[in-house]
Amino acid sequence: MSTESALADGVREALAVDPDEFDARAEEEAEVVKQALRDGAFDNQQSIVGFEYEFYAVADGRWSEESRAGEYALMRVPRRLLELMGFEKELGLHNAEMSTSPQPLSDHGLRAQLAEVRARLEAAENTAGVEGMRLVSDGLWTIPPAGETAREYLTDSVDVDDVTVAVNMSDAVRYHAMANAGDDAKRGTVVEAPGVSLEADTVMPESLITSIQPHYQVAQAETLPRHFRYALRVAGPLLALGVNSPFFPPELYDEGWDGERVLAEGATENRVHVFESVLNGRTDEGKVRFPRDVHDLETAVDRIAGDETLIPMPEPEGTDRFDDEFATFRTKHGSYWRWVRPVFEGASRSSANARIEFRPIAAQPTVRDSIAFQGAFAGLMQALPQREHPVIGLDWETARENFYAAVDDGLDAEIEWIGLDGERVTDTDAVYADLLDHAEAGLRTAGCPEEEAAAWLAPLRWRVANRTTPASWKRDRVRERLDAGEEFETAVHDTQREYIDRQAETLIEGGFSAWTNAE
């Protein structure tokens, strides 16, 4: 049986599941989760941090004609190579994902996270290099594979026994099932972003984007709702610091959107637009969104169980995991795509945990900058609840407005914050002084020496002081190239190549600040 036929069979099996029965199982298992929470099964002795890191692959010119030196065209990663690198497959064939081992929130724990990412990434780069490719840490790719257009790569699909299969998508059944679920009116996707409206038969356009995801595991599950509300208040400010996807592949822009208009009206974090528009058209209520506040654990569990079902997957087979008792609930959580989301899971009772996954931040120029966001988020989750910071009183609507203002304008956005004195603040320096001071205080509380706590956050303080983000760096380079007479497509592609060249020198050991300080 061919891979395509086996995949089509898996899609048909998923679509044959009765959605009402699937939802009923999830609701029943939600009660199991609630009881386990009451029994203390998700409590631990201390806070834990974890990290997910996504990459895309480009040709780096080692030996093949396809990977011509310096062009950095997008490249598919052979599945056997992912296994050799110890990475996991993501949506597109060009994607690779790393997940770190959870560590205690402490200086040693953060150092372990940093060391693990560096060690595994260095090994992966060495392995990929033999195949003539490089892994890139970035928010959104702009140069398509050699000999293909971005539109062709993202929209190419085939019909296999009446099942639509995306040619360049990983062979995970749930990804392909999305293209075949529901009535005809809800099939297909459209990327909707300022200047872009790309239609496709599948969710493959989501593979334009890559991210980092810091995790913060609370020590006591009962505190998760309060931590969650604080996480929503810091989402906008942290996103503004991390914006890194101001440009699409130029051919995807609508007619009338030239370089000048893109610079004037385009968003700084198009990754948010891509994820929301591709996945929200398939359900009545958008699954990817800025979530509402949570005030108790039962509500957090009920929201996951009651979330609109996209793909009612077959009942998972038992694997002797602790959370097999609520395997369908866990499956449903897999499509609970909120920008900040609670998670309840664990392979064993001793490792069972209640955590917050922070999902707004695009992949960053360097590992050091990426881990700075992990440290900032963890430090804030540690300090803000302990100190009863008044920003929890910022109304939810304003927190949401902050988030989408950051999507549009990055550090130029007007972010509203509540300071320690209870007064509302919009001055950028004042907002980030308070935010990062508390992140630093949280790291010190977790055991980081004063100098080390400051060092973890130094990359983010530099961004504030210099009003520079990866997105603004890219926009400035494209501006310079347009002024020098380059066409928009050339300017975007040359900027992308410069980004990858700079990253080649700094990804594992350096920092983003060196990209401008060296000039």
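Modeller: In the protein chain, residues 24 or more positions apart account for 77% of the contacts that have a separation of 6 or more. The model is predicted, and the values below are computed from it.

The protein chain holds 18 helices and 13 strands. Its radius of gyration is 22 Å, close to the 24 Å that the globule rule gives for 519 residues, so the chain is as compact as a globular protein of that length. Along the principal axes, the C-alpha atoms fill a box of roughly 60 × 55 × 40 Å. Of the 519 residues, 61% are buried.

The model has 3 cavities of 30 Å³ or more, and the largest cavity contains about 60 Å³ of space. Its lining is made up of Leu-140, Thr-142, Asn-244, Ser-245, Pro-246, Phe-247, Lys-474, Val-492, Thr-495 and Gln-496. By type, these residues divide into 4 nonpolar, 5 polar and 1 charged.

Which element gives the most to this lining? Helix H17 does, with 3 residues. H17 covers residues 488–506, which is 19 residues in total. From its first C-alpha to its last, H17 reaches 27 Å, close to the 27 Å expected at 1.5 Å a residue.

Val-492, Thr-495 and Gln-496 belong to the lining, and these residues are also among the buried residues of H17.

For contrast, consider two residues in loops. Most residues other than glycine have a negative phi. Asp-161 is not a glycine, yet its phi is positive, about 55 degrees. Asp-161 sits in the loop between strand E5 (157–160) and strand E6 (163–166). Is Asp-161 buried or exposed? Its relative accessible area is 52%, so Asp-161 is exposed, the cut-off being over 50%.

Glu-388 also has a positive phi, about 50 degrees, without being a glycine. Its loop lies between helix H12 (367–386) and helix H13 (396–409). Glu-388 counts as exposed because its relative accessibility is 59%.

To return to the part you asked about: the largest cavity holds about 60 Å³, and H17 gives the most to its lining.

Key
Residues numbered from 1 in each chain as written. Predicted model: local features only at pLDDT ≥ 70, side-chain atom pairs only at ≥ 80, totals over all residues. Heavy atoms only, no water. Helix = DSSP H or I, 4+ residues; strand = E, 2+ residues; numbered from the N terminus. Expected span 1.5 Å × (residues − 1). Buried < 20%, exposed > 50% of the residue type's maximum accessible area, 1.4 Å probe, protein only. 1 Å grid on protein atoms, 1.4 Å probe; cavity = no way out; pocket = protein on both sides within 12 Å on 5 of 7 lines; lining within 4 Å. Points joined across faces, edges and corners; volume = space filled by probe spheres on them. Nonpolar A, V, L, I, M, F, W, Y, C, P; charged D, E, K, R; others polar. Rg over C-alpha atoms; globule rule 2.2 N^0.38 Å. Contact = heavy atoms within 4.5 Å.
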